[in-house]
Amino acid sequence: MEETCLLRLLFVTSLLSGSTHQASLKMSPDSSQLFKDQSVSLRCEEDGSSDGWTVTRNTTKTGDTRTQCGPDWGEPAGSSCNISYIDPLDSGVYWCESTEGAASTSINITVSGGAVILQSPVLPVMEGDDVTLTCTTETSNLSAGFYKDGSFIRTEPTGHMTIRHVSRSDEGLYKCHTREHGESPPSWITVTGKPTSAAPPPSAAPPPDSTSLYLVLLHLVVFCPYYISTVIMVSLY
C-alpha cells in the first residue's frame with residue numbers, strides 16, 4: 001500500500017514539474033561568412049516564442065570571455081541582436097543564453113576583410129538535403145574552384161556549387177578560389193541525420209485534466225495516511 005501511494009506521489013510530481021525548453025539561434029543573412037561592414041540580425045527562437053533569451057558570443061575581440069549583446073557590440077531588441085557594421089574582430093562563436101543559464105547550440109561566424117567569401121549555411125545541414133555554396137564578392141558571383149578539406153572538387157563558372165543529397169561524407173571544411181580576387185576563408189559544414197519519428201505506445205493515455213489531478217491529490221492527502229496507519233495498527237495488534 002505504501003508503495004502504491006509513493007508511486008502516485010511521484011506521478012503527480014512529474015506532472016506538476018516544468019519542462020525544459022531549447023532555443024535556436026537564427027541569423028540573417030543565412031551565411032557563415034560575411035563581409036566587413038555588413039549588417040547582421042541574430043534572433044533567439046524557442047517554439048515560436050523568444051522571451052527570456054539573449055544573444056551571447058565569444059570572439060577574437062574578447063578572447064575566452066563571453067559577452068552578451070549590449071553597448072559593447074550590437075543593439076538588443078528583446079531576444080534579437082542587430083549589428084549594423086560587423087568587423088573581422090567580430091568573428092567567433094555565437095549562441096542564445098537564457099536567464100536560467102540554459103544555452104542553445106552555437107554557430108560560427110567568420111567576417112572577412114578580403115574581397116571573396118564563401119556563402120554556406122550557418123546551421124547544420126540535414127542528411128539527404130541539397131546544399132548550394134556560392135563564391136561571391138560584394139557585387140557579384142565569380143567563376144571559382146571549390147575545395148573540400150584542401151582537395152579540389154571542381155570549377156563552377158557561375159560561382160554556385162550544389163551538393164545533391166548530402167551525406168555524412170560531405171561534412172568538412174570548404175573554401176573557394178578565384179583567379180581575379182584570390183580565395184575565401186574556409187567554412188565548416190556540418191551534416192546531421194534526419195530525426196526519427198517514433199509512434200506513441202498504444203497504451204499511452206492522454207494527459208490528465210485538472211479534475212483528475214485534484215482527485216489524485218485528494219487520494220494522497222486523505223486516503224493514503226489512513227491506509228498506512230491501518231496497516232501499522234494491524235501489524236502491532
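User: What volume does the largest pocket have, and what makes a pocket rather than a cavity?

Analyst: In this predicted model, the volume of the largest pocket is about 330 Å³. The term pocket applies because the set of points is open, whereas a cavity is a set of points from which the probe cannot get out.

User: Which residues lie closest to the centre of the largest pocket, and which elements give two or more residues to its lining?

Analyst: The lining comprises 18 residues, of which Ser32, Ile107, Asn108, Val122 and Trp188 are the closest to the centre. Two or more residues come from each of β9 and β18 (187-189). Strand β9 gives the most, namely 4 residues.

User: How is the lining of the largest pocket divided by class?

Analyst: There are 10 nonpolar and 8 polar residues, and no charged ones. Asp, Glu, Lys and Arg count as charged, so none of these is part of the lining.

User: What makes a group of residues a nonpolar core, and how many residues does the largest one have?

Analyst: Members must be buried residues of the nonpolar core types, joined through side-chain atoms within 4.5 Å. The largest such core has 20 residues, and those with the most contacts inside it are Leu25, Met27, Leu42, Val55, Tyr94, Ile107 and Ile109. Two or more residues are given to this core by each of β1 (24-28), β3 (40-45), β4 (53-59), β7 (80-83), β8 (92-98) and β9 (107-112). A second, separate core has 16 residues, including Val116, Val131, Phe146 and Met161. In soluble globular proteins, nonpolar side chains tend to be buried together.

User: Which residues are in contact with Ile109, apart from its neighbours within four places in sequence?

Analyst: Ile109 is in contact with Met27, Ser32, Leu34, Leu42, Ser91, Gly92 and Tyr94. Contact here requires heavy atoms within 4.5 Å, so each of these residues meets that cut-off with Ile109.

User: Where does Pro121 lie, and why is Pro121 placed in its accessibility class?

Analyst: Pro121 belongs to the loop between β10 (117-119) and β11 (125-126). Its relative accessibility is 23%. Buried means under 20% and exposed over 50%, so Pro121 counts as partly exposed. Beyond residues up to four places away in sequence, Pro121 touches Asp30, Ser32, Val131 and Leu133. The C-alpha atoms of Pro121 and Thr190 are separated by 9.2 Å, although the two residues are 69 apart along the chain.

User: Where is Glu183 found, and how do you know its accessibility class?

Analyst: Glu183 is in strand β17 (residues 182-183). A relative accessibility of 42% falls between the limits of 20% and 50%, so Glu183 counts as partly exposed. Glu183 touches Val116, Lys175, Cys176 and His177, residues up to four places away in sequence not being counted.

User: What kind of peptide bond joins Ser28 and Pro29, and what is its omega?

Analyst: The bond is cis, with omega about 5 degrees. Pro29 lies in the loop between β1 and β2 (33-35).

User: How many helices and strands does the protein chain have, and what share of its residues is buried?

Analyst: The protein chain has 2 helices and 19 strands. Of its 237 residues, 32% are buried. The chain exposes about 14,500 Å², and carbon and sulfur atoms supply 56% of that area.

Note on methods
Residues numbered from 1 in each chain as written. Predicted model: local features only at pLDDT ≥ 70, side-chain atom pairs only at ≥ 80, totals over all residues. Heavy atoms only, no water. Buried < 20%, exposed > 50% of the residue type's maximum accessible area, 1.4 Å probe, protein only. Areas by Shrake-Rupley, 256 points an atom, 1.4 Å probe, with all protein chains shown as cover. 1 Å grid on protein atoms, 1.4 Å probe; cavity = no way out; pocket = protein on both sides within 12 Å on 5 of 7 lines; lining within 4 Å. Points joined across faces, edges and corners; volume = space filled by probe spheres on them.
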